[in-house]
2 protein chains.
Amino acid sequence: MKKILNDPQNFAIDTLKGIYAAHPDSLTYVNDDLHCLVKTNLSDKGKVGIVTGGGSGHLPLFLGYVGEGLLDGCAVGDVFQSPSSEQIFEITKAVNSGNGVLYIYGNYSGDIMNFEMSSDIAEMEDIKTDHLVCGEDVASSIKGEEHKRRGVAGIFFVYKCASAKADELASLEEVKRIGVKAAANVRTMGFALSPCIIPEVGKPSFTLKDDEMEIGMGIHGEPGIERTKVMPAKELAHALLDRIVIDLPYEKGDEVCLMVNGLGATPLEELYIIFGEVSEYLKEKGIKVFHTFIGEMATSMEMAGGSVTLLKLDDELKSLVSKSCSTPFYSQKNL
Amino acid sequence: MKKILNDPQNFAIDTLKGIYAAHPDSLTYVNDDLHCLVKTNLSDKGKVGIVTGGGSGHLPLFLGYVGEGLLDGCAVGDVFQSPSSEQIFEITKAVNSGNGVLYIYGNYSGDIMNFEMSSDIAEMEDIKTDHLVCGEDVASSIKGEEHKRRGVAGIFFVYKCASAKADELASLEEVKRIGVKAAANVRTMGFALSPCIIPEVGKPSFTLKDDEMEIGMGIHGEPGIERTKVMPAKELAHALLDRIVIDLPYEKGDEVCLMVNGLGATPLEELYIIFGEVSEYLKEKGIKVFHTFIGEMATSMEMAGGSVTLLKLDDELKSLVSKSCSTPFYSQKNL
């Protein structure tokens with residue numbers, strides 16, 4: 001295992017220490033627990049709070065989207081582990097300003113259980129919560145069983161739209177309605193060229209041959225749908241988009257946001273090469289790209305690979321996704 | 001070689017095609033040559049133009065720093081190759097608005113030769129140019145021979161300060177004065193855990209054993225000063241900073257900008273762990289960190305490793321480094 005760290009057992013906590021030391025004006029924690037991350041300037045104006053959570057090892061996901069114009073808090077687990085219900089609840093209490101808290105998180109059993117338990121505790125303290133479980137990885141379950149799909153990089157768009165709505169001081173129901181709409185219009189397909197190593201484990205959870213890649217692999221190394229020779233960029237773009245476009249479906253005349261995400265070790269140069277092919281493909285299909293997000297938006301530590309995500313826009317989502325936001329990990333001006 | 005691309009010979013050009021397709025509102029090119037990148041909204045107000053250039057394979061360096069509040073143009077070479085003097089000159093002509101053009105680039109022989117030849121051509125067309133050759137890698141030459149040092153990630157700070165000064169419509173002499181001051185106050189040390197592969201070559205230019213790292217390696221794989229077992233984060237932070245701090249030197253009471261840069265395959269989590277140790281080290285030395293930049297600022301494709309850079313501030317540099325800027329690859333609000 002070739003990693004720069006101190007103690008593998010402290011990987012997540014040492015990462016958090018670095019993050020708080022680097023960004024004291026933006027991020028802090030509650031309940032004396034580094035895992036309970038909230039933004040420094042929490043609203044007291046009755047804004048619906050938005051909280052996420054999940055395992056470490058995916059930066060900038062999940063905590064990197066806590067900040068101005070985005071989320072209010074994030075419960076941080078150990079590498080690829082769910083945070084606890086207590087940690088989620090402490091954040092809930094901190095970010096609630098009277099009008100409830102929306103939980104937005106990925107479709108993983110540990111996270112679902114802990115967010116639900118946190119809701120139960122919150123109810124006893126008269127804090128209203130609601131849930132939005134995101135799963136948009138087309139490779140992880142067949143059409144018709146979308147509720148079984150894994151959440152991957154596309155959760156960013158759900159965060160972005162719901163958070164912009166919450167900033168308008170909309171009700172919990174309205175913020176959730178927007179989040180549900182964004183989630184329903186997002187689809188992702190990923191690919192992996194190499195595994196990553198969980199520091200506490202010390203060896204890769206799977207192997208790929210020198211000339212192999214896996215189409216549809218999840219961000220924790222969950223099995224994909226096809227193991228194949230490494231494809232040229234154009235062929236790969238088609239393999240991913242053929243599955244994405246047919247699934248919603250995205251159709252001629254649609255306007256979308258496009259994300260080309262790197263999983264960790266794949267250079268930005270390669271992401272732009274892939275993007276070039278994705279862009280051509282969408283042009284041929286008559287699908288218009290409103291804005292492109294390229295870079296590491298949701299990673300799996302040092303895994304090589306990436307993902308492509310589409311968000312279908314209507315006027316409402318377009319307006320919300322376009323609003324400026326700023327966190328230590330992600331900033332955009334008004335689009 | 002496990003890369004997503006179409007033709008290895010077209011790696012740089014396909015990357016550029018993707019970049020122009022992704023960011024049409026921000027970036028364009030002149031002379032019908034994709035290698036001649038300029039920002040879309042060039043100033044016509046007599047602003048001194050600032051141009052950089054260098055090989056591909058280091059995104060977001062070099063072209064990623066072309067944009068609002070930063071550079072005006074970048075001549076893009078093939079992977080790890082200098083752009084041509086003609087390409088540099090075409091950009092020079094495009095960005096010149098009457099008050100001259102400053103070239104800021106790294107200390108590599110091919111780049112020096114081509115920027116100097118471009119200056120000669122510019123002189124014949126009555127365009128005033130000046131040069132700022134950056135080299136701040138402490139590992140690449142001994143103290144007293146700073147002019148022999150390689151330029152690495154620290155060039156970002158030189159870009160940032162000089163560009164902010166140029167935006168004040170300062171003269172070429174003034175803009176250069178600021179760039180020279182920033183360059184004189186920057187020092188970097190890097191480390192590598194794995195090599196990268198030049199697509200056209202298809203195999204790594206060096207190897208490191210499974211438990212080895214190299215301290216002081218350059219961003220093209222130039223030899224460092226020590227090959228050692230992979231160090232814990234704290235030990236690594238000390239190994240880098242012991243060399244950086246003594247070199248300028250940075251002293252108790254100094255205020256600095258700090259950059260912890262990833263070379264490509266090193267996860268953001270590890271950069272934050274290193275940052276935590278760097279931060280402790282500087283605190284112990286009484287060196288105050290004004291602002292921290294963490295992430296991939298200058299890479300070497302899929303190389304694992306990173307670098308630490310300090311910029312010593314005075315009031316003038318602090319004010320300039322703090323100004324907002326926005327490119328498709330890097331944005332900051334006013335600090």
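Keep in mind that the model is predicted.

Let's start with the two copies. Turn chain A by 180°, with a shift of 0.0 Å along the axis, and it lies on chain B with an RMSD of 0.0 Å. The two chains are thus related as by a two-fold rotation axis. Where does chain A come nearest to that axis? Look at A:Ala265: its C-alpha is the nearest in chain A, 1.9 Å from the axis.

Now the interface. Of the interface residues of chain A, 100% are interface residues in chain B too, so the copies meet through the same surface.

Next, a helix in chain A. H7(A) covers residues 268-285, 18 residues in total. From first C-alpha to last, H7(A) reaches 25 Å, close to the expected 26 Å. Is H7(A) mostly covered or mostly open? Mostly covered: 13 of the 18 residues are buried.

Over to chain B and its sheet. Six strands form an open sheet with mixed pairing. Read across, the order is E1-E2-E4-E3-E5-E6. E1(B), residues 27-29, and E6(B), residues 129-134, are the edge strands. Each has a single partner strand, so one side of each is left without a neighbour in the sheet. From one strand to the next, the twist averages 25°.

Take one pair from that sheet. E3(B), residues 49-56, and E4(B), residues 73-79, run parallel and share five bridges. To find one on your screen, go to B:Val51: its bridge partner in E4(B) is B:Gly73.

Which helices go with these strands? H3(B), residues 109-124, lies across E3, E5 and E6 of chain B. H3(B) runs at about 170° to E6(B). H5(B), residues 172-184, also packs on the sheet, touching E5 and E6 of chain B. The direction of H5(B) makes about 5° with that of E6(B).

Last stop: H6(B), residues 233-247. This helix has 15 residues and reaches 21 Å, close to the 21 Å expected. There is still a kink in H6(B), about 25°, centred on B:Leu241. B:Leu241 is also one of the buried residues of H6(B), and B:Ala233, B:Leu236 and B:Ile244 are among the others. What covers them? The cover for the buried residues of H6(B) includes strand E7, helix H7 and strand E12 of chain B.

Note on methods. Residues are numbered from 1 along each chain as its sequence is written. Chains are lettered from A and ligands numbered from 1 in the order in which they are written. This is a predicted model: local features need pLDDT of at least 70, side-chain atom pairs count only at pLDDT 80 or more; totals for chains, interfaces and linings use all residues. Copies are superposed by least squares on the C-alpha atoms of residues with pLDDT of at least 70 in both. Two residues are in contact if their C-beta atoms, placed from the backbone, lie within 7 Å. Helices (H or I, at least four residues) and strands (E, at least two) are DSSP runs, numbered from the N terminus. The expected span of a helix is 1.5 Å times one less than its number of residues. A residue is buried if 20 or more other C-beta atoms lie within 10 Å of its own, exposed if 12 or fewer, and partly exposed in between; C-beta atoms are placed from the backbone. Two strands pair if DSSP finds at least two bridges between them. Axes are lines fitted to C-alpha atoms, for helices over the stretch in contact, and angles run from 0 to 180 degrees between N-to-C directions. The bend at a residue is the angle between axes fitted to the seven residues ending there and the seven starting there.
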